[in-house]
Amino acid sequence: MRKIFTVCAVGVAMLLHGLAWAGVRDDEAAAVQVYKEVSANQVVYTYSVTNRGDRPIIGLTVGFDYYRGDTQLAGAHPSQILSPYAWSGRVVSLEESDNYEVSWDIAAATGAILPGKTMTGFRIIAAQDNPRFTSSNWTVIVDGPPSNASSALQFVQGPAPNVDTVPPQLHVTLTPNVVWPPNRRMVSIAAQITVQDDTDPNPRVKLDSITCSDCPDASADISDAALGTDDRAFAVRSDRVGRRKEGRVYKVIYSATDASGNVARAEAKVTVPHDQRR
């Protein structure tokens, strides 16, 4: 019995030493801070990842303890997941359970968080406050070869120091912005876009949407528009129903996202007038 006890004691000591070493290793690999902004109709949780190691970070999960295999989020799912440039986020639900995780993966190699760098813009938007979004664990995937590091989130009162939280400046002009006569022909529209950011020299521009104020079938009156891409040329139909004094209005929305995930949006319009009277 004494020998068995000695072996067990040694085993427990080795396990505790291993867990302590794992914690140190994980703190040395990364740090993940979260702060929340509460408004009248939503709560926004923003996560900032600092790479403290010597290899790129290519994945992040909030609400998962890697060492315990514990999925920690529960309750209502987020209403929206936002991602930094070249990242993609999603909710990962468990089968036969209400628990879930929120994970982000790089969508392109340029999204990797390099050693010594901090990236923000990992955002969870929820209708109501959920303390688990600020008190659960994080797990990151470290590249080369892939390995995991995991520890507890650090809740802070504001953005991490030296982290970019300023969105780009975006301006959109459409040519032409008035089309006439209403002869039902498709007219080519060109978008002239200027975008500037205080830290990112090349913010990502995206055509978010084109809507029509009086189109019976917008898909028949808007063509060659690749939504979700940097598309600056499309066509709209020169037509209007004729009952609106303002005529037909095509509303075009572009967005610009910087490397930290800050988003700016700008709107421009193309009008088919009711008539040509001054």
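Colleague: How many aromatic pairs does the structure hold?

Modeller: This is a predicted model. The structure holds 5 aromatic pairs. Rings count as a pair if their centres lie within 6.5 Å.

Colleague: What is the geometry of the pair formed by W87 and F122?

Modeller: Read two values, the distance between centres and the angle between planes. Planes over 60 degrees apart count as edge-to-face. W87 and F122 are 5.0 Å apart, centre to centre, with 85° between their planes. That makes them an edge-to-face pair.

Colleague: Which strands does that pair link?

Modeller: W87 sits in strand β7, while F122 belongs to strand β9, residues 118–126. The two are 35 residues apart, so the pair links distant parts of the chain.

Colleague: Are W87 and F122 buried or exposed?

Modeller: Both W87 and F122 are buried.

Colleague: What about W104 and F122?

Modeller: W104 and F122 also form an edge-to-face pair, at 5.5 Å centre to centre and 75° between the planes. W104 lies in strand β8, residues 100–106, and is 18 residues from F122 in strand β9. W104 is buried, as is F122.

Colleague: Which residues do ring pairs link into a cluster?

Modeller: The cluster consists of Y47, W87, W104 and F122.

Colleague: Now the strands. In what order do the 5 strands of the open sheet run?

Modeller: Strands of a sheet pair through backbone hydrogen bonds, either parallel or antiparallel. Here the order is β7-β8-β3-β10-β11, with antiparallel pairing. At the edges stand β7 and β11 (147–152), each pairing on one side only. From one strand to the next, the twist averages 20°.

Colleague: How many bridges join strand β3 to strand β10?

Modeller: There are 5 bridges between β3, residues 57–62, and β10, residues 137–142. One to find in the view: L60 has V140 in β10 as its bridge partner.

Colleague: Next, the pockets. What is the volume of the largest pocket?

Modeller: Rolling a probe the size of a water molecule over the atoms shows where empty space is left. For the largest pocket, the volume is about 430 Å³. Its lining has 20 residues, and L82, S83, T257, G261 and V263 lie nearest the centre. Elements giving two or more residues to this lining include β7 (87–93) and β18 (248–257). By type, the lining divides into 7 nonpolar, 8 polar and 5 charged residues.

Colleague: How much space lies in the second largest pocket?

Modeller: The second largest pocket holds about 310 Å³. It is lined by 15 residues, with K117, T118, M119, A259 and S260 nearest its centre. This lining has 6 nonpolar, 6 polar and 3 charged residues.

Note on methods:
Residues are numbered from 1 along each chain as its sequence is written. This is a predicted model: local features need pLDDT of at least 70, side-chain atom pairs count only at pLDDT 80 or more; totals for chains, interfaces and linings use all residues. Side-chain values use heavy atoms; hydrogens and water are left out. On a 1 Å grid over the protein atoms alone, a cavity is a set of points where a 1.4 Å probe fits but cannot get out, and a pocket is an open set with protein on both sides within 12 Å along at least five of seven lines; lining residues have an atom within 4 Å of a point. Grid points are joined across faces, edges and corners, and a volume is the space filled by probe spheres set on the points. Helices (H or I, at least four residues) and strands (E, at least two) are DSSP runs, numbered from the N terminus. Ala, Val, Leu, Ile, Met, Phe, Trp, Tyr, Cys and Pro count as nonpolar, Asp, Glu, Lys and Arg as charged, and the others, Gly among them, as polar. Rings of Phe, Tyr and Trp (its six-membered ring) pair if their centres lie within 6.5 Å; planes under 30 degrees apart count as stacked, over 60 as edge-to-face and the rest as tilted. Buried means under 20% relative accessible area, exposed over 50%, partly exposed in between (1.4 Å probe, protein chains only). Two strands pair if DSSP finds at least two bridges between them. Axes are lines fitted to C-alpha atoms, for helices over the stretch in contact, and angles run from 0 to 180 degrees between N-to-C directions.
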